[in-house]
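The sequence and the model are shown first, and the findings follow by topic.

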Amino acid sequence: MNTPILRLLYISDAAEGLDEEAITAILKSAEKNNPTLGLTGILVFGGGVFAQVLEGPERGVLEKYVQVMADHRHRNCRIVYITTAAGRLFEGVSMAALQALPMELVHIAELDAHRKETVPNEAFASLMNVFFSRLQALP
């Protein structure tokens, strides 16, 4: 029997002056450290915000989120969606990355605006499908 995984979506505000080099450093760190924790996910950035999905064993996801909250490259971390799941959305991907398109930033802002309410599974799934489709289209 497969153990359910924890899936967590958080949004944060990028620190002033964050550049492409900092994003590359984040991704290199994830590539190195996430497999040890059993984590997969995606980081979407742009418009002064980060949106990241972490998925994996509960302990690994929560440990990583605590580390993320202490990272000086962003501030105001807030969990928007958290659930258990039977399978991964980002199987085999230590941390994919996408620069957010303007319409995706609108969707992220809508999820953020409703974070104190119950975010419908459909809203989360819809945004993840958009990101997954874009990942599939990458060379």
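**Pocket and overall fold**

Among the elements lining the largest pocket, α1 gives the most, with five residues. The model is predicted: local features need pLDDT of at least 70, side-chain atom pairs count only at pLDDT 80 or more, and totals for chains, interfaces and linings use all residues. Residues are numbered from 1 along each chain as its sequence is written, and side-chain values use heavy atoms, with hydrogens and water left out. The protein chain has four helices and five strands, where helices (H or I, at least four residues) and strands (E, at least two) are DSSP runs numbered from the N terminus. Along the sequence these elements follow the pattern β-α-β-β-α-β-β-α-α.

**Largest pocket**

- The volume of the largest pocket is about 270 Å³, a volume being the space filled by probe spheres set on grid points that are joined across faces, edges and corners.
- A pocket is defined on a 1 Å grid over the protein atoms alone, as an open set of points where a 1.4 Å probe fits, with protein on both sides within 12 Å along at least five of seven lines; lining residues have an atom within 4 Å of a point.
- The lining comprises 17 residues, of which I26, Q52, V68, D71 and R73 lie nearest the centre of the pocket.
- Two or more lining residues come from each of α1 (20-37), β3 and α2.

**Sheet**

- Five strands form an open sheet in the order β4-β1-β3-β2-β5, with mixed pairing; two strands pair if DSSP finds at least two bridges between them.
- Because β4 and β5 stand at the edges, each with a single partner strand, one side of each is left without a neighbour in the sheet.
- From one strand to the next, the twist averages 15°, based on axes that are lines fitted to C-alpha atoms, with angles running from 0 to 180 degrees between N-to-C directions.
- β2 and β3 run antiparallel and are joined by seven bridges; V44 stands opposite A51 in β3, and I42 stands opposite V53 in β3.
- The hairpin formed by β2 and β3 has two residues between the strands, and G47 in the turn has a positive phi of about 60°.
- β2 and β5 run parallel and are joined by four bridges, with I42 opposite A96 in β5.

**Burial and nonpolar cores**

- Of the 139 residues of the protein chain, 42% count as buried (buried means under 20% relative accessible area, exposed over 50%, partly exposed in between, with a 1.4 Å probe and protein chains only).
- In β2, seven of its seven residues are buried.
- T40, I42, V44 and G46 point one way from β2, whereas G41, L43 and F45 point the other way. In a regular strand the side chains alternate between the two faces of the sheet.
- The largest nonpolar core has 18 residues, of which L9, I42, V44, I108 and F131 touch the most other members; such a core is a set of buried Ala, Val, Leu, Ile, Met, Phe, Trp, Tyr and Cys residues joined through side-chain atoms within 4.5 Å.
- The elements giving two or more residues to this core are β1 (5-14), β2 (40-46), β3 (49-56), β4 (74-85), β5 (96-99), α3 (102-113) and α4 (121-137). The largest share, four residues, comes from α4.
- Another core lies apart from it and has 16 residues, among them L43, F50, L54 and M95.

**Salt bridges**

- The structure holds four salt bridges, each being a side-chain nitrogen of Lys or Arg within 4 Å of a carboxyl oxygen of Asp or Glu.
- One of them joins E55 and R7, with the closest N and O atoms 3.1 Å apart. E55 in strand β3 and R7 in strand β1 are 48 residues apart, and the pair links distant parts of the chain; both residues are buried.
- D71 and R73 form a salt bridge at 2.5 Å, N to O, and both are buried.
- E63 and R59 form a salt bridge at 2.8 Å, N to O. Because they are four residues apart in helix α2 (residues 58-69), about one helical turn separates them. E63 is partly exposed at 31% relative accessible area, while R59 is exposed at 66%.

**Backbone detail**

- N76 has a positive phi of about 60° although it is not a glycine. Most residues other than glycine have a negative phi.
- N76 is located in strand β4 and counts as partly exposed, at 45% relative accessibility.
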